[in-house]
Amino acid sequence: MMNQANTILNNVFGFEQFRESQEAIISNVLHKQNTLAIMPTGGGKSLCYQIPGTVFDGLTIVISPLISLMQDQVRQLNELAIPSCVLNSSLSDIDYQNNLDGIKQQQIKLLFLAPETALQTNILDLLSNCDVACIAIDEAHCISEWGHDFRPEYRQLNRLIECFPTAVCIALTATATPRVREDIKRQLNIVDTSEFISSFDRPNLFIGVIPKDNPYLQCKKFVEQHPEQSGIIYCQSRKGVDELTSKLKLDGFSVLPYHAGLSSIKRSEYQERFIRDDVNIIVATIAFGMGINKPDVRYVLHYDLPKNIEGYYQQIGRAGRDGLAADCLLLFGYGDTGKIRFFIEQMSNEQEKRLANVHLNQMLALAEAEDCRRTPLLAYFGERSVKENCANCDNCTGESKEKSDLTVPAQKFLSCVHRTGQRFGASHIIDVLRGSSAEKVLQNQHNLLSTYNIGNEFNKKQWMALARQLIQKGLLNQEEQFGGLKLTQKAADVLKGKVPFFALLQQPVAASCHASKIQSNPGDQKLVAILKVDRKRLADEANLPPYAIFSDRTLNEMAYYFPHSQENLLRIHGVGQAKLDKYGEHFLALISDYCQQNNIDEVANTQTASKATVSKSKSKSSSSSSNASSRSAEIVSAYQAGQSIGSLAEQFKVKSGTILNHLYRYAQDGHKFAQPTLLLEQSGLSQGQIDLALAAFAEHSHERLKPVYDALNEKVSYDQLHLLRIYFVNQLAE
Ligand code: ADP
Ligand code: ZN
């Protein structure tokens, strides 16, 4: 059976090999052993039930608490030609009935249900007539009262499981303390040997922390290092989200806000626009992220300090699910620490207060770490980091961070704290040291102190960095409410010259772009951009997120190997038979055109030869290694000779949309059609409609059809718009 699983991995999903522990988990499930899989976000949990679900003869029920995630998976599975559906109250009557019929007729392989739906009598009745082979329980920590997200409906899932004694059960979660794990195993009859725990390390995430000294500029610089990429910026408050969103918008970034203060309609609209790559950046509170599994989020920026590692880890985990490099940056300011401590102080329950402090200190240990950041991060999950140097965090990759003897400046600073009465924050102390005539300095007569104007060797930023280090190393305590600095015993020793003070003068001011370190963009980026435009267009037309068509990694590999044949396209990561049939022709043509224009040859790709078996029955009419470009020429000349779109589609055994794409590209390349008005006639539209549509193209550009489709109130079909667009572009050509 594992052979079958491997074949599906290769031919349906288009992946080369299983990830760590996926193979063991899938094998265990296929052997009908109840299984618990604990894997970090992005670890590849879905495959652990999707593949058994495809191998088993009967039905696989997937229980998941989030409707949007279920729908996303259903879309992706159907794109892979694995029949799947969801049953819930948001479906139209017709869709609901169709799905019911599909289940009854045993056409559906995977059925996604929310726990409360699964327990409804009518659904239990329906399922009792089905051959249920497997029950997968996603987010299984919801089953345990000890978990952070207990859901009573999960407890009742036993009722469902008992109905199908021969079905195997797999529980999956990304977060589970030992207590929760025991609870899940006990409730679902899982033996210890069937528990699989993967490492929580996400090696593709670059983890960086910089001192927060000019947050907006730092944020802007970071975002600018990731042009056109999807990213999430987390802020602590709704107000913070709104303000940052407006600033970024003013600076011309493609950005939307997300927080619980927005209506649920707005929230789901903004989330959808992010998923569909209509907008690059989401600025959000922690309310954002649960319901999305967009694989190509390339960065997560923490504008404010998270309260604990659990949240921080969950949020950075939303980056780089596709395994490609992603950049995580935390802006770390002591002011934020003060704010969190202040909130903790307000807690009335002593136990909660203590716990919150412990959590904050763990987070601070990560933010202040001088060695690998993965050490405190993984320690939180009870793991020891295997390597001393992870090579993918700022501390491990940092230029030699040699510490210098800063005893004298430290003494100046501490002495100034002492002389100003241990009441002021770092900023005021620095003003005094640097001889500022700010009102606050003069008012307090601090210009008369012996420490006034003795610190011009450093600029303000450098002094700030020193102050942070004095706090971090325990020479100064920061008073929680107003941020006043106080000396500790350690400070006294340095002041008296008993102990020297060594530190880094200034940490790097901005993390640089690390995305290239793990081969994330191996491909020709010009071609990737071309492929992305078409991916987006196809996605809009099919009402899918772009990643459901091909992942970024897939496009990058296409633009690295430049496959010219179906056989070689199948060797590309993420291209299986179903995707090949649907989109192969189209992308081959784009690649081939690009190669011709730029004199590029195909690059031999021997990695995944096992996958490259174009099934005879499905391969296209002409030979599988046909040169897509010559086919394009053939199609255009047949069209010019008067053959209709429909008959061309039939002859070349492709969809009419593909024929239209060939014609569109021909026009885009600046060629003229002999009889352009034919295109208008073939659209079957009235002159009035044609005029409106052409005006809409002029207004919205012709790059994408969706805005034009929307502008015409969805009255003109995509096929018709395709035709008109070719005409429009043809008229533009000189
Ligand atoms: P999780 O549910 O654990 O958060 P997913 O199941 O959504 O993670 O998987 C994350 C990403 O990794 C998806 O884009 C998925 O297609 C990809 N993936 C999973 N397994 C493999 C594999 N063996 N090879 C390549 N990509 C994989
Ligand atoms: Zn490291």
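**Notebook: one predicted protein chain**

I began with the surface: the protein chain exposes about 32300 Å², and carbon and sulfur atoms supply 50% of that area. I note here that the model is predicted.

**Entry: the whole chain**

I looked up the secondary structure next. The protein chain has 34 helices and 17 strands.

Then I checked the extent. The C-alpha trace spans about 95 × 70 × 50 Å along its principal axes.

Does the radius of gyration agree or disagree with that of a compact globule? For 734 residues, a compact globule would come near 27 Å. The protein chain has 30 Å, so the two agree.

I also asked what percentage of the residues is buried. Buried residues make up 54% of the 734 in the protein chain.

I turned to contacts. I took those between residues at least 6 apart in sequence, and 73% of them join residues at least 24 apart.

I found 76 positive and 80 negative charges in the protein chain. Their mean positions are 5 Å apart.

**Entry: L485**

I picked one residue in a strand. L485 is found in strand β16, which covers residues 485–487.

Is L485 buried or exposed? Its relative accessible area is 0%. The cut-off for buried is under 20%, so L485 counts as buried.

I listed what L485 touches, leaving out residues up to four places away in sequence. Among them are F413, V417, Q422, R423, F424, G425 and A426. I471, L476, N477 and Q478 are also touched by L485.

L475 is ten residues from L485 along the chain, and their C-alpha atoms are separated by 9.8 Å.

**Entry: two asparagines with positive phi**

I went looking at backbone angles. Phi of N453 is near 60 degrees, a positive value in a residue other than glycine. I located N453 in the loop between α21 (439–443) and α22 (460–472). Its relative accessible area is 41%.

N713 was my other stop. N713 is not a glycine, yet its phi is positive, about 55 degrees. Where does N713 lie? I found N713 in the loop between α33 (706–711) and α34 (718–732). Its relative accessibility is 57%. Exposed means over 50%, so N713 counts as exposed.

**Recap**

How values were computed
Residues numbered from 1 in each chain as written. Chains lettered and ligands numbered in written order. Predicted model: local features only at pLDDT ≥ 70, side-chain atom pairs only at ≥ 80, totals over all residues. Heavy atoms only, no water. Helix = DSSP H or I, 4+ residues; strand = E, 2+ residues; numbered from the N terminus. Rg over C-alpha atoms; globule rule 2.2 N^0.38 Å. Buried < 20%, exposed > 50% of the residue type's maximum accessible area, 1.4 Å probe, protein only. Contact = heavy atoms within 4.5 Å. Areas by Shrake-Rupley, 256 points an atom, 1.4 Å probe, with all protein chains shown as cover. Lys, Arg positive; Asp, Glu negative; His and termini not counted. Charge placed at Lys NZ, Arg CZ, Asp CG, Glu CD.
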